[in-house]
Amino acid sequence: MRVLGVDPGLTRCGVGVVEGVPGRPCTLVAYYVVHTDPADELPLRLLHLDRSLTDLVAEHRPDAVAVERVFSQHNVRTVMGTAQASGIAVLAGARAGLPVQTYTPSEVKAAVTGSGQADKAQMTMMVTRLLRLPEPPRPADAADALALAICHVWRGGTRSKLAAAAERARRGGIRG
């Protein structure tokens, strides 16, 4: 399974692509940070982010997209930009006809480090180790995006199968 992970941000949006199967180490395909200029008007920044993510989806042809779920932050301005970037990432995956899954930071931390309370340094160290990289991916936005992709490879397939089974059961029976 190839997964494109997105750590949404309006100024810096991390993107990481990995391949793997649940229970096995993943392989790095690529990682990027899409930058937008804070001096530009919001519509131009969102358009740049949309074009960049759409191009990366087309280039890497992932099987799924994993996006960090926006959570409440103290700075409303920051959370608004993150939420807008998250919407663009979800749209890029949906437009390509891909399954898109969102994960909370705690879910990603637990999947990658074993602890939902891990800090940035621990996350970066585990991403580096899990992908067998010679050095940590920089900046942290890229490492976070790779962690999202790893999380989806390891947990997303199971989550999707459970959701599909629940939906079949809700509709009146399991069909094989």
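In which hand does H1 pass H2? I opened the predicted model with that to settle. I found that the crossing of H1 past H2 is right-handed.

**Helix pair.** I noted first how such a pair is reported: two packed helices are described by the angle between their axes and the distance between the axes. For helix H1 (residues 42-60) and helix H2 (residues 76-95), I read axes that come within 9 Å and cross at roughly 35°. I then listed the residues that meet. From H1 they are Leu-42, Leu-46, Leu-49, Asp-50, Leu-53 and Thr-54, and from H2 they are Gln-84, Ala-85, Ile-88, Ala-89, Ala-92 and Arg-95. I sorted the residues of this contact into eight nonpolar, two polar and two charged.

I located Glu-68 in strand E4, which spans residues 64-68. Is Glu-68 buried or exposed? I have Glu-68 down as buried, because its relative accessibility is 17% and the cut-off is under 20%. Leaving aside residues up to four places away in sequence, I found Glu-68 touching Val-6, Asp-7, Pro-8, Ser-86, Tyr-103, Pro-105 and Leu-148.

**Whole chain.** I counted five helices and five strands. From the N terminus, I wrote the order as β-β-β-α-β-α-β-α-α-α. I recorded 43% of the 176 residues as buried.

Terms used. Residues numbered from 1 in each chain as written. Predicted model: local features only at pLDDT ≥ 70, side-chain atom pairs only at ≥ 80, totals over all residues. Heavy atoms only, no water. Helix = DSSP H or I, 4+ residues; strand = E, 2+ residues; numbered from the N terminus. Buried < 20%, exposed > 50% of the residue type's maximum accessible area, 1.4 Å probe, protein only. Contact = heavy atoms within 4.5 Å. Axes fitted to C-alpha atoms, helices over the stretch in contact; angles between N-to-C directions. Left-handed = near helix turned anticlockwise from the far one by under 90°. Nonpolar A, V, L, I, M, F, W, Y, C, P; charged D, E, K, R; others polar.
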